[in-house]
Number of protein chains: 2
Amino acid sequence: MTAGTPRRRGRPSRTEAAAGPATRDRILEAAREEFSERGYDKTSVRGIAKAAGVDPALVHHYFGKKEDVFGAAIEQSFAPAFGVPDAIAAGGPEKAGENMARYLFGVWENPVTRLPLLAVLRSAFSNETAAATLRALIEKRLLARVAGDLQVPDPEFRAQLAAGHLIGIAVLRYVVKMEPIASADVEDVVAMVAPALERYLTSPEAGAQP
Amino acid sequence: MTAGTPRRRGRPSRTEAAAGPATRDRILEAAREEFSERGYDKTSVRGIAKAAGVDPALVHHYFGKKEDVFGAAIEQSFAPAFGVPDAIAAGGPEKAGENMARYLFGVWENPVTRLPLLAVLRSAFSNETAAATLRALIEKRLLARVAGDLQVPDPEFRAQLAAGHLIGIAVLRYVVKMEPIASADVEDVVAMVAPALERYLTSPEAGAQP
């Protein structure tokens, strides 16, 4: 991407470039922290570079434009959730809903994996570019794979209905913190939502009464 | 609330106080716009007063502290959604899920009622006080009434599962704008989610397979 090519003046020094993967990781970590603390709008490539202790040109060199840095940062934030398709496949169709719910609530329950997700959702709510980047990532890395395994009509729509259900429960439980759903035992929530997910993922009659 | 009593110096003049309801409405409208455009954190009582063309003391006089102004603003933003309990009651138990979904998607589909909801959700994502205010409002004005009409165990939990489902679909459809769910016919979405809502709202066996 030409926009990501560093200008002559800001080209990384031989020492910096030699640092390679470690520098790239340090920039990515700084980007995650900046986006997480400030949100998409108030984060700048310059600020990320400063936090990582590198020249802004090096951020461009590794990641391109701000939206590409954001994409790389949220890809890492969402990585724990990408195990969903395997978790569903492992249990077979009759456990698809239960396994999808249990796996994703596992990701949400752990503060280490929950906080980056909340930060990404916050950015997506406040900025269209961030929302578009998030959309592309979820579609490509998560829902396309889930939909690809479904034996139902409109598999993408079904996968999105199931994902939407879990996102909404997560909003009430972890963001709005509404009781009793915020303190309910995870397994009770899984037991309640699993049949709804199951229907979306495996029941061929669209809109049929349960 | 004593915190809302204006100090002597900032007491509204007789002319301002005489304006009464019209002034209060103007302040509330300014508050909705400020919170909507800037989010909770960056909105100030001073800024709201300036936008409404009144003294900040008058904002305190009518609404109290910033969080109380926010509460009044989001109460108005959410007012269109408060018809849900009546919409559910009107159709009887066998249509509860369908009527809840159709009513709420009606509110979301209309930009006039959708944009304030999105603004409120954005504030709740970025600020704990805003999240708490939103939580109290949804519980008191919406879910307590829905739960009060349910003939199932754990009615609050059930009402929150149903609301969470619809919130998550709304996030994918109106915020993240993921296809195909973003462009799907509303009635197709209603037909797909209604059975899941129906089960939460009326089926007594918790976690039973559909």
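Select chain B and chain A together: between them they bury about 4,200 Å², 74% of it on carbon and sulfur atoms (buried area being the accessible area, with a 1.4 Å probe, that two parts lose on being put together, summed over both). Next, highlight B:F125, B:F157 and B:M192, which supply 19% of the area that chain B buries against chain A, more than any other three residues.

This is a predicted model, in which local features need pLDDT of at least 70 and side-chain atom pairs count only at pLDDT 80 or more, while totals for chains, interfaces and linings use all residues. Residues are numbered from 1 along each chain as its sequence is written, chains are lettered from A in the order in which they are written, and side-chain values use heavy atoms, without hydrogens and water.

Now display the contact residues (heavy atoms within 4.5 Å): 49 come from chain B and 49 from chain A.

Turn to the charged pairs. The two chains share 2 salt bridges (a side-chain nitrogen of Lys or Arg within 4 Å of a carboxyl oxygen of Asp or Glu). Select B:K177 and A:E128, whose side chains meet in a salt bridge at 3.2 Å, N to O.

Finally, view both copies as a pair. A rotation of 180 degrees with 0.0 Å of shift along its axis superposes chain B on chain A, with an RMSD of 0.0 Å (by least squares on the C-alpha atoms of residues with pLDDT of at least 70 in both). The two copies are thus related as by a two-fold rotation axis. Select B:G168 to find the C-alpha of chain B nearest the axis, 1.7 Å from it.
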